[in-house]
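Trainee: I would like to go through this model with you, one careful question at a time.
Mentor: Gladly; let us look at it together.

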Amino acid sequence: MAANRTILLLSVGHGCVDVYQGAVAALVPFFVAERAYGYAAASGIVLAASLLSSVAQPLFGALTDRRALPWLLPVSTVVGGLGVAASGLGGSYGLTLVCVAVSGVGVAAYHPESARVARIASRGSHTSMGWFSLGGNLGFAAAPLMVTAAVSGGGLRWTPVLVLPALAGSVLCLPVLRVLTDRAASATSGTASSCLPEVADDVRSFVMLSVAVAARSVAFMGLGTFVALYARQRTGGGTAAGTAALTVLYLGGAVGTVLGGRLAARWDRVTVVRGAYLAGVLAVAGVVLVPGPSLYGCVALASGCLYVPFSLQVTLGQDYLPSRVGTASGVTLGLAVSVGGVAGPLIGTLADATSLRTALAPLVLMPAVSYLMVRTLPEPPVHRLAASPSVRLRQA
């Protein structure tokens, strides 16, 4: 029961952090409407949040491989929220970029440590890791509704209210830190003769998995950045049509994450990931090509296919790189979300020169690249990351 409660708290806290990754994309239509940004300028905002996050997350992962940094959970949550909350203040494009970049660093600091703690608390359960990842997906899904409720009436000057989830998430981290402290005291007073098994890293498989993760991120973040604007074009609707498309995208991801954990309980992880990416090629093509209201069904299917592998890739990365779990978590969990934002300005520049539909067409190739990368990967053994409380805490 204590482990389930810890996973639940981590899941909700994960949602309170990832709401800010979704919020950056959800704010793009409001920046376009209120400040007349073009596609390239608007995608640059997403890039600012993603670029620092992409670089910083593996660095934070490597840092947490060396020592436990549980205090990062509440601190990074607050930093992530403050950046987005300040992004609508003032009219300077440069200041906006700085604010969302600060938010990206906060998000980067959160993910490696939280993924390690969650994996340890889950005792290697794919289902529990799926619930942890689900929290982040629901945070993404809530972002468009939260942003619309906050700024649609009064404009971007109301973005400071968006700090509220960060404050709530930082408070939810405190019971998790208390559990870690209690376990540390128990481990110190007891005997802990077990230790982590010596298992060799499979660097080649981890690199191939990382390429698959990056390609998947380009597809999902490309859709996340522009699907609201694209839905308004393809359906002839207004802001509500765009918000609905973004919400469907994120909710589809939530369903896909839970489904991925359940499917992995019946088949091995690599098989499930392969099938999801293969189906994702057709689903993303549907988003680009299908007109009218049917677009929403394609968005949901594409999101589900891209998110079925999400939590499975986290545990696969940890099992391919068991001696550097923090680094693996930083790449597969954090980088999976953030690196795709780097491609955003390229998509935006192409859209400004041609059309948004033409610019989104290359995204169809991204799930195909991911499939090719995972097609020959082996299924690694599930490593119990810690066999004793003291080791768990050192690793967490």
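Trainee: How much space lies in the second largest pocket?
Mentor: This is a predicted model, in which local features need pLDDT of at least 70 and side-chain atom pairs count only at pLDDT 80 or more, while totals for chains, interfaces and linings use all residues. Residues are numbered from 1 along each chain as its sequence is written, and side-chain values use heavy atoms, with hydrogens and water left out. A pocket is an open set of points on a 1 Å grid over the protein atoms alone, where a 1.4 Å probe fits and protein lies on both sides within 12 Å along at least five of seven lines. With grid points joined across faces, edges and corners, and volume taken as the space filled by probe spheres set on the points, the second largest pocket holds about 170 Å³.

Trainee: Which element gives the largest share of the lining of the second largest pocket?
Mentor: Lining residues have an atom within 4 Å of a point, and this pocket has 15 of them, with Leu259, Leu263, Gly304, Cys305 and Val308 nearest its centre. The elements that give two or more residues are α8 (239–264), α9 (269–289) and α10, where helices are DSSP runs (H or I, at least four residues) numbered from the N terminus. The largest share, five residues, comes from α8.

Trainee: What kind of pair do the rings of Phe220 and Tyr307 form?
Mentor: Rings of Phe, Tyr and Trp (its six-membered ring) pair if their centres lie within 6.5 Å, and planes under 30 degrees apart count as stacked, over 60 as edge-to-face and the rest as tilted. Here the centres of Phe220 and Tyr307 are 4.8 Å apart and the planes are at 85°, so the pair is edge-to-face.

Trainee: How many residues apart in the chain are Phe220 and Tyr307?
Mentor: Phe220 belongs to helix α7 (residues 203–235) and Tyr307 to helix α10 (residues 294–307), so that the pair links distant parts of the chain, 87 residues apart. Both residues are buried (under 20% relative accessible area, with a 1.4 Å probe and protein chains only), and their separation in the chain is 87 residues.

Trainee: Which residue lies over the face of Tyr307?
Mentor: A charge sits over a ring if NZ of Lys or CZ of Arg is within 6 Å of the ring centre and within 35 degrees of the ring normal. At 4.4 Å from the ring centre of Tyr307, the residue over its face is Arg216.

Definitions and conventions
Buried < 20%, exposed > 50% of the residue type's maximum accessible area, 1.4 Å probe, protein only.
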